Amino acid sequence: MFKRNLLLLAAVIALAIGPLMYHGTNAEFGGSDGQAEEMITQIQPDYQPWAAPLWEPPSGEIESLLFALQAALGAGLLGYYFGRRRGLAEATDESPDRATHRP
(Lines give C-alpha, C1' and ligand atoms only; values in the text may rest on other atoms or scores of the structure.)
Protein backbone atom coordinates (compact mmCIF):
# COMPACT_ATOMS: atom_id res chain seq x y z
CA MET A 1 0.00 0.00 0.00
CA PHE A 2 2.85 2.40 0.85
CA LYS A 3 4.58 1.70 -2.48
CA ARG A 4 1.34 2.35 -4.36
CA ASN A 5 0.83 5.69 -2.60
CA LEU A 6 4.44 6.65 -3.23
CA LEU A 7 4.05 5.76 -6.91
CA LEU A 8 0.87 7.84 -7.17
CA LEU A 9 2.59 10.78 -5.47
CA ALA A 10 5.49 10.55 -7.93
CA ALA A 11 3.02 10.48 -10.85
CA VAL A 12 1.23 13.59 -9.55
CA ILE A 13 4.51 15.45 -9.13
CA ALA A 14 5.61 14.45 -12.63
CA LEU A 15 2.29 15.64 -14.07
CA ALA A 16 2.65 18.97 -12.27
CA ILE A 17 6.30 19.61 -13.16
CA GLY A 18 6.38 18.03 -16.63
CA PRO A 19 4.52 20.78 -18.52
CA LEU A 20 6.66 23.46 -16.87
CA MET A 21 9.84 21.74 -18.02
CA TYR A 22 8.44 21.12 -21.50
CA HIS A 23 7.75 24.80 -22.20
CA GLY A 24 11.12 26.00 -21.00
CA THR A 25 12.00 29.35 -19.45
CA ASN A 26 10.84 31.76 -22.16
CA ALA A 27 7.33 30.38 -22.58
CA GLU A 28 4.41 32.76 -22.60
CA PHE A 29 1.33 31.45 -20.88
CA GLY A 30 -1.76 33.11 -22.30
CA GLY A 31 -5.42 32.40 -21.96
CA SER A 32 -7.67 30.95 -24.60
CA ASP A 33 -9.50 34.28 -24.92
CA GLY A 34 -6.41 35.97 -26.32
CA GLN A 35 -5.74 33.10 -28.71
CA ALA A 36 -9.35 33.15 -29.91
CA GLU A 37 -9.16 36.90 -30.52
CA GLU A 38 -5.99 36.47 -32.58
CA MET A 39 -7.56 33.69 -34.65
CA ILE A 40 -10.73 35.71 -35.30
CA THR A 41 -8.76 38.75 -36.46
CA GLN A 42 -6.73 36.53 -38.80
CA ILE A 43 -9.87 35.04 -40.33
CA GLN A 44 -11.91 38.26 -40.46
CA PRO A 45 -9.81 41.41 -39.87
CA ASP A 46 -12.79 43.82 -39.78
CA TYR A 47 -14.61 41.93 -36.99
CA GLN A 48 -15.95 44.13 -34.18
CA PRO A 49 -16.76 42.45 -30.84
CA TRP A 50 -20.39 42.82 -29.79
CA ALA A 51 -19.70 42.56 -26.05
CA ALA A 52 -17.10 44.05 -23.75
CA PRO A 53 -16.13 43.22 -20.15
CA LEU A 54 -17.81 45.31 -17.45
CA TRP A 55 -14.53 45.64 -15.54
CA GLU A 56 -10.98 44.67 -16.38
CA PRO A 57 -8.56 43.94 -13.52
CA PRO A 58 -5.62 46.34 -13.36
CA SER A 59 -3.03 43.54 -13.67
CA GLY A 60 -2.65 39.91 -14.61
CA GLU A 61 -1.85 38.97 -11.01
CA ILE A 62 -5.18 40.31 -9.78
CA GLU A 63 -6.95 38.48 -12.59
CA SER A 64 -5.22 35.24 -11.54
CA LEU A 65 -6.15 35.89 -7.91
CA LEU A 66 -9.82 36.38 -8.80
CA PHE A 67 -9.80 33.22 -10.89
CA ALA A 68 -8.23 31.23 -8.04
CA LEU A 69 -10.76 32.63 -5.56
CA GLN A 70 -13.59 31.67 -7.89
CA ALA A 71 -12.24 28.13 -8.21
CA ALA A 72 -11.74 27.81 -4.44
CA LEU A 73 -15.25 29.07 -3.72
CA GLY A 74 -16.72 26.59 -6.21
CA ALA A 75 -14.71 23.70 -4.76
CA GLY A 76 -15.75 24.69 -1.24
CA LEU A 77 -19.42 24.80 -2.17
CA LEU A 78 -19.25 21.43 -3.90
CA GLY A 79 -17.38 19.90 -0.96
CA TYR A 80 -19.93 21.30 1.48
CA TYR A 81 -22.85 20.01 -0.59
CA PHE A 82 -21.49 16.46 -0.94
CA GLY A 83 -20.31 16.35 2.69
CA ARG A 84 -23.68 17.51 3.94
CA ARG A 85 -25.47 14.98 1.76
CA ARG A 86 -23.32 12.17 3.07
CA GLY A 87 -23.73 13.34 6.65
CA LEU A 88 -27.50 13.44 6.30
CA ALA A 89 -27.52 9.99 4.71
CA GLU A 90 -25.45 8.57 7.59
CA ALA A 91 -27.60 10.32 10.18
CA THR A 92 -30.80 8.82 8.78
CA ASP A 93 -29.27 5.34 8.33
CA GLU A 94 -29.72 5.45 4.56
CA SER A 95 -26.07 4.78 3.99
CA PRO A 96 -25.29 1.26 2.70
CA ASP A 97 -22.20 1.11 4.95
CA ARG A 98 -24.23 1.50 8.14
CA ALA A 99 -26.88 -0.98 7.06
CA THR A 100 -24.34 -3.79 6.67
CA HIS A 101 -22.62 -3.12 10.02
CA ARG A 102 -25.71 -3.26 12.21
CA PRO A 103 -25.78 -5.88 14.97
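Student: How many of the 12 residues of α2 are buried?

Tutor: This is a predicted model; local features need pLDDT of at least 70, side-chain atom pairs count only at pLDDT 80 or more, and totals for chains, interfaces and linings use all residues. Residues are numbered from 1 along each chain as its sequence is written, and side-chain values use heavy atoms, with hydrogens and water left out. Buried means under 20% relative accessible area, exposed over 50%, partly exposed in between (1.4 Å probe, protein chains only). Helix α2 is hardly covered, and its count of buried residues is 0.

Student: What span should helix α2 have, and how far apart are its end C-alpha atoms?

Tutor: Helices are DSSP runs of H or I, at least four residues, numbered from the N terminus. The expected span is 1.5 Å times one less than the number of residues. Helix α2 covers residues 32-43, so its 12 residues should span 16 Å. The end C-alpha atoms agree, at 16 Å apart.

Student: Is Ile17 buried or partly exposed?

Tutor: Ile17 sits in helix α1, residues 2-23. Its relative accessibility is 41%, so Ile17 counts as partly exposed.

Student: Which aromatic pair is edge-to-face?

Tutor: Rings of Phe, Tyr and Trp (its six-membered ring) pair if their centres lie within 6.5 Å; planes under 30 degrees apart count as stacked, over 60 as edge-to-face and the rest as tilted. The count comes to 1 aromatic pair. Its centres are 5.2 Å apart, with 70° between the planes, and the edge-to-face pair is Tyr81 and Phe82.

Technical notes: Helix = DSSP H or I, 4+ residues; strand = E, 2+ residues; numbered from the N terminus.
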